[in-house]
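This briefing is intended for reading alongside the sequence and the three-dimensional structure.

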Amino acid sequence: MLPPFAAKISEGPLEPAQLMPVVVFAGLYAYRVRKLALQGRPVPGWRQACFHGGLVVILIAQISPVSHVSQQLLCIHMVEHLLMGDIASLMLVLGLTAQVIAPILRIKVFDRLRVLSNPIVAFPLWTIDLYAWHSPLLYQAALRHSGIHFCEHACFVGFGMNMWMCLFGPLPQPEWFGNAAKLGYIIAVRLSGAILGNIFLWSGTVFYPYYRAGDAYWHISPVADQSIAGAEMMIEGSILTIILFGWLFMRTAREIEAKQVLMDYAREHGIELADRRAARAVSAGRGDELMRRLQSAATGDARVLEGERAAPVAAVRGDPG
């Protein structure tokens, strides 16, 4: 027989409905990756590791003691939400490539949903989702009903992935969404989370009476439990923001260097190349392609004299060619 402490951690039914999507997505991803490998278009190993790692994080949040204690303490439930809504969703997006999601985008309904990944749309959707599910009504309804709880988790992962897609996803982004705009996007996302964290940390008002029984068992006051949850949001958000700032700085430095290489090569060989055009190509990940075209132009290949002008813009917009 388990001692009272262990029983309190391990109690609670396992909900298969919460785990089924993980199994399904793992199978579909593995099938697609294998198919691409057979076609000679393998998905990089680090991306596969990120995707499966994201699924593992979701499993940890669902079947570990975190899941059971989250029904007793808000601060533990917040850990569950941060794992799924921030960490797991980010890792899943890092595991995606244009080739992996191509079959999905061929379906008209899903292709039209690409508009959701526009930063102007993705950010408010993510913010509304975050605040709506942390409202006392919806939050406590999710605690009491497994179906609503499943919907809550699905929204956190889904809208979290959509939010991260603007920064790391394979879908093309608007031309204006350069590194400066990405910096503003990161700040806006983190500020939105920080505001909610500060509300939990400093309000002094108990928002979720549901946790009173669990707080009493663990000998922690409801206000302290809520304050710890807010502090967790602040700490996790700060760490993530520092990492994102570092990533953006390195990305900007690489793009500046790559653009300069293109400009220098064009200048040395007497090829006209606009600074803005080189920047667009590098930002869209088409710098190597533009360099090949410049090299062809330098050797007198007439095919690039007209055709290569529109390519970087098309790449930014996601057009073929």
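**Briefing on the predicted model**

Leaving aside neighbours within four places in sequence, His81 is in contact with Asp86, His134, Tyr139, Glu152, His153 and Phe156. The model described here is predicted. Its chain comprises 17 helices and 0 strands, and 44% of the 321 residues count as buried. Among contacts in the chain with a separation of 6 or more, 74% are made by residues 24 or more positions apart.

- His81 is found in helix α5, which covers residues 74-94.
- His81 counts as buried because its relative accessibility is 5%, below the 20% limit for that class.
- Tyr139, one of the residues in contact with His81, also belongs to a cluster of aromatic rings.

**Aromatic pairs**

- A search of the whole structure finds 14 aromatic pairs.
- One of these is the tilted pair of Phe168 and Trp247, with 4.5 Å from centre to centre and 50° between the planes.
- Phe168 lies in helix α10 (residues 146-168) and Trp247 in helix α13 (residues 222-268), so this pair ties together parts that are 79 residues apart in sequence.
- Phe168 is buried, with a relative accessible area of 17%, and Trp247 likewise counts as buried, at 18% relative accessibility.
- Phe177 and Tyr185 form an edge-to-face pair, with 5.6 Å from centre to centre and 85° between the planes.
- Both Phe177 and Tyr185 are buried.
- Ring pairs link Tyr139, Phe200, Phe207, Tyr208, Tyr210 and Tyr211 into a cluster.

**Cavities**

- The structure holds 2 cavities of 30 Å³ or more.
- The largest cavity contains about 50 Å³ of space.
- Its lining is formed by Leu74, Val206, Phe207, Tyr208, Tyr211, Arg212, Asp215, Pro222, Asp225 and Gln226.
- The elements that give two or more residues to this lining are α12 (212-217) and α13.
- Helix α13 supplies the largest share of the lining, 3 residues.
- By residue class, the lining of the largest cavity divides into 6 nonpolar, 1 polar and 3 charged residues.

**Helix α15**

- Helix α15 runs over residues 287-298; at 1.5 Å a residue, its 12 residues should span 16 Å, and the end C-alpha atoms are 16 Å apart, which agrees.
- The buried residues in α15 are Gly287, Glu289, Leu290, Met291, Arg293 and Leu294.
- An α-helix has 3.6 residues a turn, so residues three or four places apart point the same way.
- Just after α15, Gly300 takes a positive phi of about 90°.

- Asn198 has its place in helix α11, residues 179-202.
- Asn198 is partly exposed, because its relative accessible area is 30%, a value in the class between the 20% limit for buried and the 50% limit for exposed.
- Not counting residues up to four places away in sequence, Asn198 touches Ser203 and Met234.
- Asn198 and Met234 are 36 residues apart in sequence, and their C-alpha atoms are 7.6 Å apart in space.

Terms used: Residues are numbered from 1 along each chain as its sequence is written. This is a predicted model: local features need pLDDT of at least 70, side-chain atom pairs count only at pLDDT 80 or more; totals for chains, interfaces and linings use all residues. Side-chain values use heavy atoms; hydrogens and water are left out. Rings of Phe, Tyr and Trp (its six-membered ring) pair if their centres lie within 6.5 Å; planes under 30 degrees apart count as stacked, over 60 as edge-to-face and the rest as tilted. Helices (H or I, at least four residues) and strands (E, at least two) are DSSP runs, numbered from the N terminus. Buried means under 20% relative accessible area, exposed over 50%, partly exposed in between (1.4 Å probe, protein chains only). Contact means heavy atoms within 4.5 Å. On a 1 Å grid over the protein atoms alone, a cavity is a set of points where a 1.4 Å probe fits but cannot get out, and a pocket is an open set with protein on both sides within 12 Å along at least five of seven lines; lining residues have an atom within 4 Å of a point. Grid points are joined across faces, edges and corners, and a volume is the space filled by probe spheres set on the points. Ala, Val, Leu, Ile, Met, Phe, Trp, Tyr, Cys and Pro count as nonpolar, Asp, Glu, Lys and Arg as charged, and the others, Gly among them, as polar. The expected span of a helix is 1.5 Å times one less than its number of residues.
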